Amino acid sequence: MKISNHPNPQFERKNFISLNGKWDFGFKKSERGFKFSEDFEKAIEVYNADDYNYQINVPFCVESVLSGIGYTGFINMVWYRKKISIKKDDKRIFLHIGAADNLTSVLVNGKPVGRHKGGYTSFKFDITDFVNDGENEIFILCEDDVKNPYVIRGKQSEKLKSHGCDYTRTTGIWQNVWLEYTPQSYIENFKIYPDINGYLTVVAKLSGKAKFSCKASYNGKPVGQAEIKSATGYCTLQVKLDEKHLWEPGKGRLYNLEINFGKDRVYSYFGLRSLRLDGMKFLINEKSVFQRLVLDQGFYKKGIYTAENDEELKQDIELSMALGFNGARLHQKVFDPRFLYYADMAGYLVWGEYANWGLDYSNPKSVDVFLNEWREAVERDFNHPSIVGWCPFNETWDYKGRKQYDKLLSTVYDYTKTVDITRPCIDTSGNFHVKTDIYDLHDYRYDPKEFKESYDRFVTENYLYEHVLIDNPGRQQYGGEPVFISEYGGIKWEADKKIKSWGYGEDVKTPDEFAQRYCGLTDAITQNEKMFGFCYTQLYDVEQEQNGLYTYERNRKFDDEIYKRIIESNTKKALVEKKG
């Protein structure tokens, strides 16, 4: 299929205008007693101050080298200004921001347009009534505070410097910014439901009234279409496909989809595949597929949260698949839509996650904070065939000595299952499960013999060794769900000896020891008939955490022989597949 250059290839209009590039910029370092603004008052105050001491390269955060600034201290506020020319005619005009951390306020020509809370999800504002025909000025203010218990920070360090498995912060805009024109009647959103029996169902939200149609094609050949002559509001359309080409691991057979509503035309795509849990198996297209996953943090040395270009996005998928992995946990972050686009094309399995660290998940107030942000993530990424499951939380250990608020996890799980009946949901990866489709575990024990023996008991006695629960009795109990080890390994092998590195378990002393431990731990999982997958920590080093299979720059850490042994272990036929 032809490669799209749109920021979100699943929702592409041809007349978009990228606003990436140089913006006037200013920022304010962290201060005591900082409070988030309640309305536009702070944005208007900063706008009127006309205080722009820098230029920044959007969409790179101020902390990154690629931004042109590279300031890595604590920051509470950043602001942007750009003058653009707009031709105003009989169309709606939308400003899109892929992601900006954390509270974003937008002014157009000095007038308040909209505000958005949440540092990881995409949003847009209708600016039609605020723009002039000709020159216009866009102002964006972003407020952030990683120490606030109701600000979700993910892997951004709450200390001045990076430490352990927390890394350099990201403040302000970190995904694409663009303008898009639509007719007065336009497509607001749509969900795609593929059926491997040869059908496609599209559920659309429409603004206005007009004819609504969908046309599917495969490799340029039309394979099905349907229409509703007079559609409005929410509508459902089913398309019968003349040809069936299944999307599956390693084979991203994608159909193109053209959606028309009156004069509005959106280009998209879909993969024809099904997902289902069956006993201890994870079925894709009714076949048992062992998930050979690797942890991907989505960090880049020069851009931090933002890849320098598409080649960096594709590279991580290619490096992973070259080592025999068939997917990844996209960890503590909502990844760029263009990463998911390349995952879709490659047939690369990924789990849609969120960045819950930093949130006080022991407090009932966290429900309102988290649920809204998670909702936006699920709605944006629902149509990606590469996403095979949702995992909103990661390791909800005690928050400053207080237990997690169980109702938070169960509420988010229930919401996820309400809006997406097609994918499994893990409430919290690792600990502590409350309501989940899958019982996953994090296990960083480093002795392969002990590791294997403990999970062999799961087969013979239905006993799951949960070392973390020894000191936390009664926090969770295995209920017979499908199981996989969603974090393990984390074996440190230093690539940069100039920094104080970090990893899991006892250090290995030679590359051969690394390979022995890696293969021993991995084989213990693949050769367990009750396991449907693993996720190794991790694909590449990130700053001081040097337990990757590649360096932070994505260079090789080992010679061919070591990588050959890793590949052989990753690609062994798993017992659950032999029995499926």
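How many residues of strand β5 (residues 92-97) are buried? Six of the six are, so the strand is largely enclosed by the rest of the structure. Buried means under 20% relative accessible area, exposed over 50%, and partly exposed in between (1.4 Å probe, protein chains only). The model is predicted: local features need pLDDT of at least 70, side-chain atom pairs count only at pLDDT 80 or more, and totals for chains, interfaces and linings use all residues. Residues are numbered from 1 along each chain as its sequence is written, and side-chain values use heavy atoms, with hydrogens and water left out.

Both faces of β5 are covered. R92, F94 and H96 are buried on one side, and I93, L95 and I97 on the other. In a regular strand, side chains alternate between the two faces of the sheet. Strands here are DSSP runs (E, at least two residues), and helices are runs of H or I with at least four; both are numbered from the N terminus. Two strands pair if DSSP finds at least two bridges between them. β5 pairs with strand β12 (residues 177-182) in the antiparallel sense, over six bridges. There, H96 stands opposite W178. Four bridges join β5 to strand β9 (residues 123-126), also antiparallel. In β9, F125 is the bridge partner of L95.

The whole structure holds 42 salt bridges, each a side-chain nitrogen of Lys or Arg within 4 Å of a carboxyl oxygen of Asp or Glu. E353 and R329 form one of them, at 2.6 Å from N to O. E353 lies in strand β23 (residues 349-353) and R329 in strand β22 (residues 327-330), 24 residues apart. Both residues are buried.

D414 and K435 also form a salt bridge, with the closest N and O atoms 2.7 Å apart. D414 belongs to helix α5 (residues 406-419), whereas K435 sits in the loop between β26 (428-429) and β27 (439-443), 21 residues apart. D414 is partly exposed at 33% relative accessibility. K435 is partly exposed at 37%.

In a further salt bridge, the closest N and O atoms of D507 and K492 are 3.2 Å apart. Both lie in the loop between β28 (483-489) and α7 (511-526), so the pair ties together parts 15 residues apart in sequence. D507 is partly exposed at 38% relative accessibility, but K492 is buried at 13%. Elsewhere, D24, D50, R81 and E137 are linked in a network of salt bridges.
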